[in-house]
Amino acid sequence: MTAPTGGAPTPEAGPRHVALIMDGNGRWAQARGLPRAMGHREGVQALKRTVQAAPDFGIECLTVFGFSTENWRRPAEEVSDLMGLVRSYVASDLNRLEKNGVRVRVLGRRTGLPADIAAIIERAERSTAHNTRFLLQVAFNYGGRADIVDAAQAYVDRLLAGQASGPLDEASLGLGLSTEGGPPVDLIVRTSGEQRLSNFLLWEAAYAELVYQNVLWPDYGHEALADAVRQYQQRDRRFGAIAVEPALATG
Ligand code: IPE
Ligand code: IPE
Ligand code: MG
């Protein structure tokens, strides 16, 4: 991909689907002598800003990591704060998302979630199901390994029910992933300076570009997203092939 260096990224060359590991809420709060919960609350504001900014760059889909299957290891109070944010985010933003043509889809396991959170998730998905302008996928109680295991189990179930046959292939396994039907992931961004996936989108990351940014998630917004898009545009995605040289003019 050829890209302009500096200047505003051009929507044409930009990623369609950006996945965000929203990290650094705790450190943002700690740096200000505030409780971690305040960092999470500011993180929700950053999410709202980023969803609003995304279409400016030609992005059609954002997938954000809200809560991992491993985040249950945090103190009960912090887990409960994070659940509370789902309640307030949906209560305060669902109408606007719905009106703005955003379809909300939640990735991850529903089992193990408080019943009211599962109901809120279903309401958000149902009330935005008709929207097609933008897709917001929220990974919540999500783990990449769990998602692959669930997809394999779904295949076994189809096999036993006589609805599948033959050896397992990538397309059949993909049918059971929670991202099924969505656009391929072009770019995975992690904020806060950590450089790892932490069990996010393991399958889907296969040929995604990775960008690590030193900004803490509560400070994220239009400018940081522009920088990530610009970095993406400077990458050369080969998918295992070799770069194609422009054909030489003959004759
Ligand atoms: C990301 O911020 C939000 C979630 C994991 C829910 P953290 O809470 O991980 O913040 P740090 O990494 O401790 O700074
Ligand atoms: C990943 O961040 C999960 C989310 C952003 C929701 P963590 O902060 O939980 O990851 P580790 O523990 O630093 O790997
Ligand atoms: Mg973290």
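## Basis of the values

In this predicted model, local features need pLDDT of at least 70 and side-chain atom pairs count only at pLDDT 80 or more, whereas totals for chains, interfaces and linings use all residues. Residues are numbered from 1 along each chain as its sequence is written, chains are lettered from A and ligands numbered from 1 in the order in which they are written, and side-chain values use heavy atoms, with hydrogens and water left out.

## The site of ligand 1

The space that ligand 1 takes is the largest pocket (on a 1 Å grid over the protein atoms alone, a pocket is an open set of points with protein on both sides within 12 Å along at least five of seven lines; a molecule sits in one if more than half of its atoms lie within 2 Å of its grid points). Two or more residues of the shell around ligand 1 come from each of helix 1 (25-31), helix 2 (36-53) and helix 3 (76-99), and helix 1 gives the most, with 3 residues (helices are DSSP runs of H or I with at least four residues, strands are runs of E with at least two, and both are numbered from the N terminus).

Around ligand 1 there are 13 residues, of which Asp23, Gly26, Arg27, Arg36 and Arg74 come nearest (a residue is near if one of its heavy atoms lies within 4 Å). Oxygen atoms of ligand 1 lie 2.8 Å from a polar side-chain atom of arginine 27, 2.9 Å from a side-chain N or O atom of arginine 36, and 3.4 Å from a backbone N or O atom of glycine 24. Taken alone, ligand 1 exposes 380 Å², and the protein buries 86% of that (by the Shrake-Rupley method with a 1.4 Å probe).

## Aromatic pairs

The structure holds 7 aromatic pairs (ring centres within 6.5 Å, using the six-membered ring of Trp; planes under 30 degrees apart are stacked, over 60 edge-to-face, and the rest tilted). The ring centres of phenylalanine 67 and phenylalanine 140 are 5.4 Å apart with planes at 35°, so this pair is tilted. Because phenylalanine 67 lies in strand 2 (residues 61-68) and phenylalanine 140 in strand 4 (residues 134-142), the pair ties together parts that are 73 residues apart in sequence. Both phenylalanine 67 and phenylalanine 140 are buried (under 20% relative accessible area, with a 1.4 Å probe and protein chains only).

Tryptophan 217 and tyrosine 220 have ring centres 4.8 Å apart and planes at 20°, so they are stacked. Tryptophan 217 counts as buried at 1% relative accessibility, and tyrosine 220 is buried at 0%. Phe65, Tyr142 and Phe200 form one aromatic cluster.

Methods
Buried means under 20% relative accessible area, exposed over 50%, partly exposed in between (1.4 Å probe, protein chains only). A polar contact is a pair of N or O atoms within 3.5 Å; within protein, one must be able to donate a hydrogen and the other to accept it, and residues adjacent in sequence count only if both atoms are side-chain atoms. On a 1 Å grid over the protein atoms alone, a cavity is a set of points where a 1.4 Å probe fits but cannot get out, and a pocket is an open set with protein on both sides within 12 Å along at least five of seven lines; lining residues have an atom within 4 Å of a point.
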